[in-house]
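Here is a short note for a colleague opening this model. Please read the points with the structure in view.

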Amino acid sequence: MAHEIAHISVRKLPVKILLILLLLAAGVWSYFVVRWYLGNTLAEYFDPNEGTLDAAHLAARLAPDDPLAHWRIAQVSQKILPLDQQVSAIGEYEKAVSLSPNDYRFWMTLGTAQEQVGNPAVQRD
């Protein structure tokens, strides 16, 4: 069985430019992947009972479209803020629900938080 090896000459300018652009694209993509991974991991292993709000906000800054990070912010806010200031926690729960509408945990905690502040869900017939 004959094996053919393809040789690409990198001495030509268009090939050099293409390779550099591919390396830049891979570097930018890697930055965002690692950033999201760190934010998601921080949010996943974050203990809302012992953690601070700063760590939860850091997770949300690293992974802004991760519902788990917003859920953790809401959990910590709900624990440390008085009832009259928990509108920010409800906003974070709503953000988590909007990012992952099929996760029941986010819906349950949103409903619980709304009931605690005196804003029960609307009853449907």
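1. Is His-70 buried or exposed? His-70 counts as buried, because its relative accessibility is 9%. Buried means under 20% relative accessible area, exposed means over 50%, and partly exposed lies in between, with a 1.4 Å probe and protein chains only.

2. A word on the source. This is a predicted model, in which local features need pLDDT of at least 70 and side-chain atom pairs count only at pLDDT 80 or more, while totals for chains, interfaces and linings use all residues. Residues are numbered from 1 along each chain as its sequence is written, and side-chain values use heavy atoms, leaving out hydrogens and water.

3. His-70 sits in helix α3, residues 67-80. Helices are DSSP runs of H or I with at least four residues, numbered from the N terminus. Beyond its neighbours within four places in sequence, His-70 contacts Ala-60, Pro-64, Glu-92, Lys-95, Ala-96 and Leu-99. Contact means heavy atoms within 4.5 Å.

4. Now α3 as a whole. It is mostly covered, with 12 of its 14 residues buried. Among them are Trp-71, Arg-72 and Gln-75. The cover includes α1 (13-44), α2 (53-62), α4 (87-99) and α5. The length of α3 also agrees with expectation: its 14 residues should span 20 Å at 1.5 Å a residue, and its end C-alpha atoms are 20 Å apart. The expected span is 1.5 Å times one less than the number of residues.

5. The structure holds 2 aromatic pairs. Tyr-31 and Phe-32 form an edge-to-face pair, because their ring centres are 5.1 Å apart and their planes stand at 75 degrees. Rings of Phe, Tyr and Trp (its six-membered ring) pair if their centres lie within 6.5 Å; planes under 30 degrees apart are stacked, over 60 edge-to-face, and the rest tilted. Tyr-31 is partly exposed at 48%, and Phe-32 is partly exposed at 47%.

6. Trp-71 and Phe-106 are also edge-to-face, with centres 5.3 Å apart and planes at 65 degrees. Trp-71 lies in α3 and Phe-106 in α5 (residues 104-116), so the pair ties together parts 35 residues apart in sequence. Trp-71 is buried at 8%. Phe-106 is buried at 2%.

7. Of its 18 residues, Ala-43, Ala-69, Trp-71, Tyr-93, Phe-106 and Leu-110 touch the most other members. α3 gives the most to this core, with 6 residues. A nonpolar core is a set of buried Ala, Val, Leu, Ile, Met, Phe, Trp, Tyr and Cys residues joined through side-chain atoms within 4.5 Å.

Methods. Helices (H or I, at least four residues) and strands (E, at least two) are DSSP runs, numbered from the N terminus.
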